[in-house]
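Please find below a note on the model under review.

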Amino acid sequence: MAARPGPWRLEHVVDGRRLRVQLTAAALEAFNDPAAARPRVLALLKDALFRGRSVARERLEAGASGLDCARLLSAVMDEVISALFDYVTVHMFRARNPTVAERFAVVATGGYGRASLAPSSDVDLLFVRAYKDAPWAESVTEAILYMLWDLGLKVGHASRTLDDCMRAARDDITIRTSLLEMRLVCGDEGLLKELE
């Protein structure tokens, strides 16, 4: 009987630093024209997701547990979303002198918030911003969502201020439950701490 696979290391599956360098190169090759860079950016992100799914499947077939594979898929998704967030906030909508209105966090909720992402599962995201009237945060949210949809992902999402989150949680038990399982994917950690 073959031995089960040992623990995985994310950098052996998806090298986040390399992915960010490749995304920056795609932006520079397109002379910082996001529309021209988009196909290359999508291809790089799609390759990272494909590699993560392939490794998870190989591990499962070699005897790894389903939970191990779900955690690997979640970690790969974290890396892809974080790299995409960095790309969008550096090359598309850079806040050169960020204000309090540009405080923004991408938060995982639900099963994804538990760091257990099943294959073909929805990627549940909460985009948290400091203020309701935050055009920069709205632009970043929209860019991230369109890219994720173009990658073929099913994304359950909400975009709320801290006050909106509290109000929604008081009014809806499903939202309240999903917030119990939230965790930061990328962005302003202080904003999530305030929400917690």
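1. Basis. The model is predicted; local features require pLDDT of at least 70 and side-chain atom pairs pLDDT 80 or more, whereas totals for chains, interfaces and linings use all residues. Residues are numbered from 1 along each chain as its sequence is written, and side-chain values rest on heavy atoms, with hydrogens and water left out.

2. Helices H4 and H6. Helix H4 covers residues 66–92 and packs on H6 at an angle of about 130 degrees, the axes being 10 Å apart. Helices (H or I, at least four residues) and strands (E, at least two) are DSSP runs, numbered from the N terminus; axes are lines fitted to C-alpha atoms, for helices over the stretch in contact, with angles from 0 to 180 degrees between N-to-C directions. H4 is therefore oblique to H6, since angles under 35 degrees count as roughly parallel, over 145 as roughly antiparallel, 65 to 115 as roughly perpendicular and the rest as oblique. The crossing of H4 over H6 is right-handed, a term used if the near helix is turned clockwise from the far one by less than a right angle, left-handed if anticlockwise.

3. Residues between H4 and H6. On the H4 side, Ile81, Leu84, Phe85, Tyr87, Val88, Thr89 and Met92 take part, and they meet Trp136, Val140, Ala143, Ile144, Met147 and Leu148 of H6. Contact here means heavy atoms within 4.5 Å. By class, the residues of this contact are twelve nonpolar, one polar and no charged; Ala, Val, Leu, Ile, Met, Phe, Trp, Tyr, Cys and Pro count as nonpolar, Asp, Glu, Lys and Arg as charged, and the others, Gly among them, as polar.

4. Helices H3 and H6. The axes of helix H3 (residues 34–61) and H6 come within 10 Å and cross at roughly 65 degrees. Arg38, Val41, Leu42 and Lys46 of H3 make the contact with Tyr146, Met147 and Asp150 of H6. This contact comprises four nonpolar, no polar and three charged residues. The crossing of H3 with H6 is also right-handed.

5. Thr141. This residue belongs to helix H6, residues 135–150. Is Thr141 buried or exposed? Thr141 counts as buried because its relative accessibility is 6%; buried means under 20% relative accessible area, exposed over 50%, and partly exposed in between (1.4 Å probe, protein chains only). A polar atom of the Thr141 side chain lies 2.8 Å from the backbone oxygen of Ala137. Apart from neighbours within four places in sequence, Thr141 is in contact with Phe104, Phe127 and Ser159.

6. Asp164. Helix H7 (residues 162–171) contains Asp164, which is buried at a relative accessible area of 14%. Not counting residues up to four places away in sequence, Asp164 touches Arg129 and Lys132.

7. Leu73. Located in H4, Leu73 is buried at 11% relative accessibility. Beyond neighbours within four places in sequence, Leu73 is in contact with Gly52, Arg53, Ala56, Leu117, Ala118 and Pro119.

8. Positive phi values. Ala115 lies in the loop between helix H5 (110–113) and strand E2 (123–129), and Ser120 lies in the loop between H5 and E2. Phi of Ala115 is near 65 degrees, a positive value in a residue other than glycine; phi of Ser120 is near 65 degrees. Ala115 is partly exposed at 25% relative accessibility, whereas Ser120 is exposed at 64%.

Note on methods. Polar contact = N/O pair within 3.5 Å; in protein donor to acceptor, adjacent residues only side chain to side chain.
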